[in-house]
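This briefing covers aromatic ring pairs, a sheet with its packed helix, and charges over rings. Please look at the sequence and the structure before reading the points.

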Amino acid sequence: MLRLNAMVVKYLHLAGLIFCLNIIIAVKANSHVDHDMESVRHVVEQYALAIIDGDRELLDRILSKSEQSSFGLGGPWTAPKFGFTNVDMSKARYQITETGVTVGPVAFSVEKQVWTFIWDMKLVKEKDGHWRILTIKSTEKLHEELYANGLAAQGISYPVKIHIRDDKGHPVAARINIRDSKGEYWPPRFHNKKIATFFRDDVGGDVFMGGNIYAYVKSDPIADLPPGDYTIDVAKGMEYGTAHMNFTVKESAQNSLDITIGRQFDMAARGWYSGDTHIHFVGDYNAQLEAEAEGLNVANILATAWGPLVTDIDRFTGAPSKISTENHIVYVNQETRHGVLGHTTMLNLKKLIHPLAWGGIAGMQEGVVGGYDYPSMAQLADEAHKQDGIVTWAHFPDPAGEVAIDIALGKIDAVDIFTWQDGFSPGFPAADGAATPSPVDYWYKFLNTGSRLPATAGTDKMYNIQTIGSVRTYAFVGDKPFTYQAWIDAIKAGRTYVTTGPQISFLADGNPIGSILKPEQGDMIVLKATVEIPKGYPADYLEIV
């Protein structure tokens, strides 16, 4: 998918009945842009593991059955062990084409040798909805070449002052992309020309989306550019439009641009405040900058553990970060992770809860392989509730080991319907390759039991190919002052909806989202739904379940 697409889900509990309000779009609704880029990354990492571990069964599942993908199955690749001990994907770029996604360079090495094999891959989305590797070819590109060309310091350049304003004339943060007449990207000052796209590698401050690199900037960035013709694209999240401008840089120190980016919606003015429940590796400053530039009100960074790696605990304070502003709050919380029992996000914590991750199975980045599977997710949820925290099931429902019992016991306050992929498409294949139900399918099943599960959403940002707030939770604070606690309280009360674009309002007999009604037999309930579609977010129909 080349642009952000739209999907909104929310429930209203009416005397034992659950109404679901959906906007279903013509193409699949994704929490992240650029097709299912998170799924693409997942397949590439599976390939790397399969090559290193000599896992031919895994290779067979992730390689397309097309004849073009015979490379990787024949020749030396059929050996029990392929001989590679290291893989480097830190310089790999993800490029969208008309027929799929290309990823490269991916470099494999043998112990004590220099990088020997450097490959580019092409992935396609097949009829079953899953991404697979279509072709793998050797490339002569060296990593250093990715950084060698088109830097402002390599020639004479002139400062271009860029003034970004909203339609009321106020300075605003945004994300910007500047390209010359050849399509080459030119970053503003203090940003990289090429950005990392690997796990935990220099995450934050820039993002790769729609085939282009965007830099997150405050309202008045400066770009140093050689004389010539350029294009700039400016965006600011789903509540704003976009701006596109062609301009020419002259041999002068007086180059400047005035760009206005119009607002399509002001949900905060209506009492609705947006948040991303699930972010990793982004520092406080970058999280606040990206939230401001995407028009996001709350950014939740999650401390957690990945086997021996423990991340983000040094940022935890038990309160909103001091970098927060009046309308853009950063709070470091916790993700609790077990490879079988499940993952939960714990928000509004005053102190971290031990363990961050435990147990463990081969191939999973959670606890330690062979470790104990105690305590239960439910027990840790109790610890969060003692702090007035809330517990959401992360990237619902996977892993799903304890999800059913924890929901039945009332340990789970909300579920993240959208995280990695389209909420209506099957999840990642099971270990045996079998398809799994979609997150929304699972959610409906639990709603049908009478469980009252507010919809929440978080991006699980771990890479620079993911955009903070590309899927977000809107919570209704109303006329109260906006605070982090008020946002948490609104989720507890069920006053939420999640979206990747469109904005909704929903009334039942005049009662808003989150209300509980007790109609008598024979009563008529009047439903009123309003959907506002941002420009570029096509929707097919409104569905009330």
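In this predicted model, the count of aromatic pairs comes to 14. A pair of aromatic rings is described by the distance of the centres and the angle of the planes.

**Aromatic pairs**

- Phe199 and Phe281 form an edge-to-face pair, with 5.2 Å centre to centre and 90° between the planes.
- This pair links distant parts of the chain: Phe199 is in the loop between β9 and β10, while Phe281 is in the loop between β16 (272-279) and α3, and the two are 82 residues apart.
- Phe199 has a relative accessible area of 16%, and buried means under 20%, so Phe199 counts as buried.
- Phe281 has a relative accessible area of 8%, so Phe281 is buried by that cut-off too.
- Phe199 also forms an edge-to-face pair with Trp306, at 5.3 Å centre to centre and with 75° between the planes.
- Trp306 belongs to strand β17 (residues 298-306) and Phe199 to the loop between β9 and β10, so their pair ties together parts that are 107 residues apart in sequence.
- Both Phe199 and Trp306 are buried.
- Ring pairs join Phe199, Phe281, Trp306 and Tyr463 into a cluster.

**The sheet and its helix**

- Strands of a sheet pair through backbone hydrogen bonds, either parallel or antiparallel.
- Here 5 strands make up an open sheet, in the order β10-β11-β9-β13-β14, and their pairing is antiparallel.
- At the edges are β10 (206-209) and β14 (242-249), each of which pairs on one side only.
- From one strand to the next, the twist averages 30°.
- Strand β9 (residues 174-180) and strand β13 (residues 228-235) run antiparallel and are joined by 6 bridges.
- Asn177 has Asp233 as its bridge partner in β13.
- Helix α3 (residues 284-293) packs on the sheet, where α3 touches β9, β10, β11 (212-217) and β13.
- The direction of α3 makes about 105° with that of β11.

**Charges over rings**

- Lys193 has its charged end over the ring of Trp186, 5.2 Å from the ring's centre.
- Lys236 has its charged end over the ring of Tyr240, 5.3 Å from the ring's centre.

Methods: Residues are numbered from 1 along each chain as its sequence is written. This is a predicted model: local features need pLDDT of at least 70, side-chain atom pairs count only at pLDDT 80 or more; totals for chains, interfaces and linings use all residues. Side-chain values use heavy atoms; hydrogens and water are left out. Two strands pair if DSSP finds at least two bridges between them. Helices (H or I, at least four residues) and strands (E, at least two) are DSSP runs, numbered from the N terminus. Axes are lines fitted to C-alpha atoms, for helices over the stretch in contact, and angles run from 0 to 180 degrees between N-to-C directions. Contact means heavy atoms within 4.5 Å. Rings of Phe, Tyr and Trp (its six-membered ring) pair if their centres lie within 6.5 Å; planes under 30 degrees apart count as stacked, over 60 as edge-to-face and the rest as tilted. Buried means under 20% relative accessible area, exposed over 50%, partly exposed in between (1.4 Å probe, protein chains only). A charge sits over a ring if NZ of Lys or CZ of Arg is within 6 Å of the ring centre and within 35 degrees of the ring normal.
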